[in-house]
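Biologist: I would like to learn how to read a few local features from a set of coordinates, taking them one after another. Could we begin with strand pairing and then go on to helices and backbone angles?

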Amino acid sequence: MKLSRRGFLRLGMLGAASVALPLGRMIGPMNELAEAGAVTSPPVEPFQVPLPIPPVLKPVRSDASADYYEMVQREATAEILPGYRTTIWGYEGIFPGPTIEARSGRQVIIRQRNELPVPVVTHLHGGVTPPESDGYPTDLILPVSGHAGAMHHHSGAVTHGTRDYVYPNQQRAAMLWYHDHRMDFTGPQVYRGLAGLYIIRDEIEDALPLPRGEREVPLVITDRTFTADGELYYPSLDPTLQGRPGVVSSFANGMFGDTILVNGAPWPVLEVGTARYRLRLLNASNARPYLLALDPPPPNGPAFIQIGSDGGLLEQPIPHDEILIAPAERFDVVVDFGQYPVGTSVRLVNREGVGPTAEVMRFDVARREEEYSEIPDRLAREEPLPDPSEAMEVRRFQFIAGFFGWPSTVNFRIFDPNRIAARPRLDTTEIWELHADPEHPIHLHLVQFRVLSRNGGPPGPWDAGWKDTVFMRGGSAQVIARFSGYRGKYVFHCHNLEHEDMMMMENFEVV
Amino acid sequence: MTVTTRRNAEQIASPKIAGRRLAVGAAGMAFASELIHLWVLPGEFTLAPMRGAFFLLVAMAQGALAVNLLFGPRRWTLRLGLILNVAIVATWAFTRLVGLPMLITFVRLPVGWLDLTATALEIALIATLIALRRMDPSAVARTRG
């Protein structure tokens, strides 16, 4: 068959326009997908790095009613993996950020200054906070440099350079945490290091003979993956975080790192004495839950005595051999290292982990120490459960993860900052029935709630106390909350941060 | 006599020129639609391979349509181009008005300026293809070389 010059031209253009050009455009994303699945961190020998403790930030000034802090969010380098320099984004340039120690009833005002190249938002997780300081996802602080970066949503209260967050702390003693909450980019920005502890104390807790001082140890557990040169690896569609949000499809169900960090150090080690230690656990990972246990377990009695939850002290201590801690959850536990002989190494392990993620850190029982602490049978003042019969509303929310690129949804709707899913009245009680598929840590801003039931049965073993995050592996849970504190618009969402960034969030407005 | 012949020739030529211009315009719109789909393809594919594959198929089909429109399209090319673009516009409208099918329900997708531009182009392309179909086939077709 003879091909004319015109026919040849037509065939050539057809091949170029309908085959070569489109398929050529596929090379980049195909490579990106292949590379994303192949990144593994440089090998690190576990239990070589001493456990760092985040420093406590001092107020720049105080007056009769408030403490004033200033915090700069900036880029810095840190030696996270021994021998490697890692670029992080940190509050005060460190990861985790400095700890804020607050007193119940005493106001804290933090001026956040954004020296990063992208907008930020700071949320005090677990805080009973007025809406203008809660860190609503579109209430952005633009960079001091003036460069706005991505502005996908314009409905928020935007400030330039700095913002003052006011935390009244009209709540009981509890370990909260602050972290970035920027619309569409919370996952990568927390992953780069924008998270820190915020501990509220009160007289009730002070009066208890619990371990304190060096025997009260905060443990911020995270997982990260590093590139071969020691930089943090996060599979953003746009690594500048200034354009398109989201992660490559293989990470749509969450960024699971292969290196476990505690207080920013890989599989660290802490020397302890033969005494009780209060471990204040926070899972600040983007998506990974941990089933924590001690190996070897103590010869007598349970591994952990739980004394507190997200919302502060329990009324009574609860023994556990294992603790399932989901992203954003906190557990306040006491471990009695007096049950181990000096010279014992006790590993904190993750029974849901495989390979390196099965280890968390190690405690070396290094010395004899006198015991001064006790775990009283009665911890917090008894606070009766909100009465379910007084619930003004029973609302139902279904959290379904996106798959094959479908968005993650609440009640089959993606997040819209302008839509309100629930309008509870101030100082009223509501029951929220949460359904999750397949696995979601669900977090409500503003309120602390109690878990009433799971799948129609009693609450689970890790549901005790006041909570702001409930972890669900399928099925349903009923939680009861009293919407007190402030009127205004807040969000509730999945705290798997990749799900959250993929729109698994809704608004409620206290009216 | 000479004047009359020239007029006749112009009368015959003008539908042909109009047809050619319409076909080239339609090819440009199809190619622009292809480029928009290719522009978003990498992000869509890495975010959601199935959606990316859909964008790839749309881009390939629009590219093939554009080239065929340039080289004297036949009736079936116009018909297929119409079907293709009506399907693309209908899919876009469905996912924005009703939603993307998800389990037992639909999730509405947001409207962006880029997809809006592509849809506007495709609607214009549909109108152009309809106009081309109404023309005398000889006004659209180019002489075979």
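Biologist: Which residue is the bridge partner of Leu444(A) in β33(A)?

Modeller: In this predicted model, Leu444(A) has Phe492(A) as its bridge partner in β33(A). The two strands concerned, β29 (residues 439-444) and β33 (residues 488-494) of chain A, pair in the antiparallel sense over three bridges. They belong to an open sheet of five strands in chain A, whose order is β27-β34-β33-β29-β31 and whose pairing is mixed. The edge strands, each pairing on one side only, are β27 (420-422) and β31 (469-473) of chain A, and from one strand to the next the twist averages 35°.

Biologist: How should I read the packing of two helices, and at what angle do the axes of α3(B) and α4(B) cross?

Modeller: Two packed helices are described by the angle between their axes together with the distance between those axes. For helix α3 (residues 75-97) of chain B and α4(B), the axes come within 9 Å and cross at roughly 150°. Because angles over 145 degrees count as roughly antiparallel, α3(B) is roughly antiparallel to α4(B), and their crossing is left-handed. The residues of this contact divide into twelve nonpolar, three polar and three charged; among them are Leu78(B), Val89(B) and Trp92(B) in α3(B), and Ile123(B), Leu129(B) and Arg133(B) in α4(B).

Biologist: Is Leu116(B) buried or exposed?

Modeller: Leu116(B), which is found in helix α4 (residues 113-134) of chain B, is exposed, because 12 other C-beta atoms lie within 10 Å and the limit for an exposed residue is 12 or fewer.

Biologist: Which backbone angles deserve a second look?

Modeller: Most residues other than glycine have a negative phi, and most peptide bonds are trans. Leu241(A), in the loop between β13 (232-233) and β14 (259-262) of chain A, has a positive phi near 55°, and Met503(A), in the loop between α4 (497-501) and β34 (505-510) of chain A, has a positive phi of about 85°. Leu241(A) is buried, with 24 other C-beta atoms within 10 Å, and Met503(A) is buried with 24 such atoms within 10 Å.

Biologist: Where are cis peptide bonds found, and what is omega there?

Modeller: One cis bond runs from Phe95(A) to Pro96(A), with omega near -10°, and Pro96(A) is in the loop between β3 (86-91) and β4 (97-103) of chain A. Another joins Asp295(A) and Pro296(A), with omega about 0°, and Pro296(A) is placed in the loop between β18 (290-295) and β19 (304-309) of chain A.

Technical notes:
Residues are numbered from 1 along each chain as its sequence is written. Chains are lettered from A and ligands numbered from 1 in the order in which they are written. This is a predicted model: local features need pLDDT of at least 70, side-chain atom pairs count only at pLDDT 80 or more; totals for chains, interfaces and linings use all residues. Helices (H or I, at least four residues) and strands (E, at least two) are DSSP runs, numbered from the N terminus. A residue is buried if 20 or more other C-beta atoms lie within 10 Å of its own, exposed if 12 or fewer, and partly exposed in between; C-beta atoms are placed from the backbone. Axes are lines fitted to C-alpha atoms, for helices over the stretch in contact, and angles run from 0 to 180 degrees between N-to-C directions. Angles under 35 degrees count as roughly parallel, over 145 as roughly antiparallel, 65 to 115 as roughly perpendicular and the rest as oblique. A crossing is left-handed if the near helix is turned anticlockwise from the far one by less than a right angle, and right-handed if clockwise. Two residues are in contact if their C-beta atoms, placed from the backbone, lie within 7 Å. Ala, Val, Leu, Ile, Met, Phe, Trp, Tyr, Cys and Pro count as nonpolar, Asp, Glu, Lys and Arg as charged, and the others, Gly among them, as polar. Two strands pair if DSSP finds at least two bridges between them.
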